Amino acid sequence: MTPGPTGTRPRDAPGPVAFTVDDFARRLDRARAAVSAAGLAGLLVTPGPDLRWLTGYRPAAVTERLTLLVVTADGKPTLLVPRADRADADAAAGAAALTVVDWRDGTDPYGLVAGLLRPGGRHGVSDTTWSRHLIGLQDALPTAGFTTIGDRLPMLRAEKDAAELERIAAAGAAADRAYAHLLRSRFRGRAERDVAAELADLLRATGHEQVDVALVGSGPNGATLRRGAGDRVIGPGDVVVLDFGGLCDGYASDLTRTVCVGEPSEDAVEIHAIVARAQREAVAAVRPGVPCGEIDDLARAVITEAGFGDLFLHRTGHGVGVTTNEPPHLVRTERQPLLPGMCVAIEPGIYLPGEFGVRIGDVVIVTADGARRVNTADQGPAVVD
């Protein structure tokens, strides 16, 4: 057994109970109901997070050959796969809830899809569908209409069940442990990208199979909204923004903290306190029925009243689930109400150009009567060497 850092889950420790075919059948039922409610003729789902969530199937490699799940308001969902991938598709956890159909090279897969759909209907298509596949579908169904799932059904995956919430909570705890271990490391004298590489390794050691972001922004680099780490060498007195997360047992973590190399300046303490208050008040306002935009307004009001409204450069947060960034979005224009089972990252920030930035973020689960923080890591500002 390969041990992780102290207090972390070993790499080969047991994971959560696997999702069953009944779990995927319920998701497909939800998708069918959403198709009907949205007035769509069906959903056309290509490889990506929607396909994994609906079927448990993740192709070993995404190729130019069409892989497509067809979900209509009535009838059993059909998964179309290249013949070479049939065995893998049949082995997917949700396969028993589907009809799996394969196609051979030299045949027209788009014609097969056309036979499953209502010719003049409007269909929701995965946001990341390759253009060649969408054009192939349009050619096969010239009287049909197409829109994106993200536009018509953005909340399809937003309300998580108990098993999903368990995984998100575990992912958040893993990110907390990675952060706690990173605080024992030396920052000064190291390039941002070296600290980011260590952070990514710590995420993997705590059970993450995929690292989506490991941002380390020191000094003036922390005042930008880039999503990586550079060659800048971290020095004494630097304020460092850490924004990191990925997938742990298929579900996302997203944690943001700001640390100081040596004792923080008065300005850093002041800005950190403002951002921390904005984050606390935003979290305290989370409950079912509250529009997502209201959470953004509350966080923004705290920062604006402190005189830094123009330096809060992004939305307050976003959903997390089988990806680290998905609907709902906590932005002032979003009127979607929060619902029990939704999970959102709340991460306000202030960014002083040329000086430093401060951002604090935690994942929060919407409960029946309020909110539960997934992350428990101390918000600091932590002092590091």
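Q: What covers the buried residues of helix α5?
A: The cover includes β1 (42–45), β2 (68–72), α4 (109–114) and β6 (145–148), where contact means heavy atoms within 4.5 Å, and where helices (H or I, at least four residues) and strands (E, at least two) are DSSP runs numbered from the N terminus. This is a predicted model, in which local features need pLDDT of at least 70 and side-chain atom pairs 80 or more, while totals for chains, interfaces and linings use all residues. Residues are numbered from 1 along each chain as its sequence is written, and side-chain values use heavy atoms, leaving out hydrogens and water.

Q: Which residues of α5 are called buried, and what makes them line one face of the helix?
A: In α5 (residues 131–140) they are His133, Gly136 and Leu137, buried meaning under 20% relative accessible area, exposed over 50% and partly exposed in between (1.4 Å probe, protein chains only). Seen down the axis of α5, the buried residues fall within an arc of 100°, so they line one face; the arc is taken over directions from the helix axis to the C-beta atoms. The face turned away from that buried side carries the exposed residues Ser131 and Asp139.

Q: Why are β4 and β6 called edge strands?
A: Two strands pair if DSSP finds at least two bridges between them, and β4 (99–103) and β6 each pair on one side only. The open sheet of six strands has the order β4-β3-β2-β1-β5-β6, with mixed pairing.

Q: How do you know that β1 and β2 pair?
A: Four bridges join these antiparallel strands, which therefore meets the requirement of at least two.
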